[in-house]
Amino acid sequence: MDIDFKEYQLRCQLRGHEDDARGICICGDAGIATSSRDRTIRFWTLDESQKRDYTMSRILLGHTSFVGPLAWVPPNEEFPEGGIVSGGMDTLVLVWNIATGEHVQLLKGHKLQVTGIALDGSDIISVSVDSTLRRWRGGQQVEALDAHQAAIQAIVKLPSGELVTGSSDMTLKLWKGKSCVHTFAGHTDTVRGVAVMPNLGILSASHDGSIRLWALSGEHLMEMVGHTSIVYSVDAHASGLIVSGSEDCSAKIWKDGVCVQSIEHRGCVWDAKFLENGDIVTACSDGIVRIWTVDHDKIADAVERDSFATQLSEYKISRKRVGGLKLEDLPGLDSLKTPGNSDGQTKVVREGDNGVAYAWNMREQKWDKIGEVVDGPDDTTKRPLLDGIQYDHVFDVDIGDGEPIRKLPYSRSENPYDVADKWLLKENLPLSYREQIVEFILQNTGQKDFIPDPLFRDPYTGSSAYVPGASSRSPGVTKPSYKHIPKKGVLVFDVAQFDGILKKISEFNNGLQSDPEKQHLSLNEGDMSRWGAIVKILKDTSHYHSSGFSNIDVAMVLKLLKTWPVELLFPVVDVMRMIVLHPDGAATLLQYFKDEDAGIIIELIKKITASSPLPANLLTSLRAVTNMFKNGYFNEWLLVHRSEILDAFSSCGSSPNKNVQMAYATLILNYAVLLIEKKDEEGQSQVLSAALEMAEDETIDSDSRFRALVAIGSLMLEGLVKRVALDFDVLNIATTAKASKDAKIAEVGADIQLVAKQT
């Protein structure tokens, strides 16, 4: 169907999602499916009464984290009304029956977020941040390819049957079966979206802000540049039109490589798709899905269009920045009543919807108007402002004692002693803080070798400048820094009720002795004496440096872990938890890991985490593995088995048992610390995914959520996965955390926000 280009206008708005609308799936004539950060998929059908609006007919619930890619299964014998395939942050692929609203298949295999879904006949193809492409048939995985060197972000099937994937390694790959027949290189950042351009080739959208058109032969045909930020999605219509969605809050429409219309939104546009008739569907971070049309008969009424225009205007004003500061944060004209400090000092004030610069005229003692200030899009290179005045630095200073945070402005051309004195007087703070303020300014502006001006005299005392060096006795000024990240060192569970553990082992052993069928598993009197000796060594922590375990002791513990019924294991695991904290115990245990019992702990974990696991088993085994991080002996083992361990315990983050939640969060945090040290990017990505899933769940225990957030912040600050975290939209999680009533969670949320803003 050919259509001449006309201006697109609002047709209707689909309201229902409670958080970002993330993905769109055009479901033939049946309707539209949308996914969201609110963990739902919503199915919308055309309102037959007026053929313009869509109404929500289904809410599909099943994912435990935000939902992203969707694919449509046309009606068939299994799904008379069609089906939906969805992928989520929870690493799952779910297959849904639209007729019932229930998921009929749960496909588990990916290690990290599922980012793309395609259908190949009756097969389902999924791609993930774990860099794999997986094929599913009849509910079972039949193929797994390590398809890229970094996270895979998108996939599309071509009409000719090949698959195309886009990745954070900045390439696209064309696949025939298991073979990559071509790699498309040219983008300078993550390839986030891919689409078919009818009769021409492949479209790609990238974090580098561009859209590219490629021939299947690999030839780069065209580059479309116009977005000012990340481009998340791209789609094409049979008419030749292209639509793209971007972080810059717009959906742009392209014809012959030229942007012919930019449709502004009240937030980031995560996805954009064409309907068959040429209308455009957009998914926005404000939670609303919108449909845009060129058909005059379907355009929204004037009231709805005016309402959207007003909301959009208010949103743009709230985002408008002047000189690096939000327009709404600039001082008004009344601020010009305050005299400047030096000739030529500039101040920016708000006049209507604009920022206007003024310069202080010392001779005439007045502010001279310079002109309107205009920022480039998302300009982050501007110097900070305070009260409309530009400085090299504006520090947050915490005086303590419940006092509010103060703003300390400073420019390198100023004398730090003069700045300190004037600031203390302005803030009505004791001049006894002066030494610390000066030290603080010098330390945080890299002026450790600052040489005081010998001609400087204290404007209030007439004395020469104080030279930093003496210790301070007055209340301190807290250096502005991260409060909780990066995490250094690991956490362990080193408290044990040894008498209770020994009593429980004895009780279980008596039960085995009285059961003829299990009597052969029980311990004799000599073995029980050995258990008493083991516990005695573990109790005496003051002699850990000199005490030791015999091979017989450790072998007996491992034997019980292999042979005792699973419901009796938790006190034995609890003893092992403490043995790994003992230097000699850890060394002895490690020898068994390397020799005949190499797989015993992994097998134990799998046995304990099988269907309907006992909370006591989960708790003790989680704590035992967590304690292994204390001793460098186990680092290699922990790294080799990282994926198996995290997969086995993955459900513990949502356990109703708070102690299990805490143990799992601590395991994640310890893994973050180790993987940062080892510079293991793949491992960091898996831990980040687990931590994000836990951190965004506001229902879990606050201490557990705090540890998950610390892991995220540490991985972003000192690890290799900051870009991955931003792809996961970590800022949304950080913003939610920052608004928490729990002080620690609010503080680490602020830490993560600060890391995210650092370039």
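Which side chain meets that of Arg-42 in a salt bridge? Select Asp-38 together with Arg-42: in this predicted model, their side chains form a salt bridge with an N to O distance of 3.4 Å. Arg-42 counts as buried because its relative accessibility is 6%, under the 20% cut-off. Asp-38, at 15% relative accessibility, also counts as buried.

Next, select Arg-37 and Asp-729. These residues form a salt bridge whose closest N and O atoms are 2.8 Å apart. The pair links distant parts of the chain, 692 residues apart. Arg-37 is found in the loop between strand S3 (31–36) and strand S4 (40–46), whereas Asp-729 is in the loop between helix H16 (722–727) and helix H17 (730–738). Both residues of this pair, Arg-37 and Asp-729, are buried.

Proceed to Lys-111 and Asp-647, whose side chains meet in a salt bridge at 2.6 Å, N to O. Lys-111 lies in the loop between strand S9 (102–108) and strand S10 (114–120), and Asp-647 in helix H12 (residues 642–648), so the pair ties together parts that are 536 residues apart in sequence. Asp-647 is partly exposed, at 27% relative accessibility; Lys-111 is likewise partly exposed, with a relative accessible area of 33%.

Methods:
Residues numbered from 1 in each chain as written. Predicted model: local features only at pLDDT ≥ 70, side-chain atom pairs only at ≥ 80, totals over all residues. Heavy atoms only, no water. Salt bridge = Lys/Arg side-chain N within 4 Å of Asp/Glu carboxyl O. Helix = DSSP H or I, 4+ residues; strand = E, 2+ residues; numbered from the N terminus. Buried < 20%, exposed > 50% of the residue type's maximum accessible area, 1.4 Å probe, protein only.
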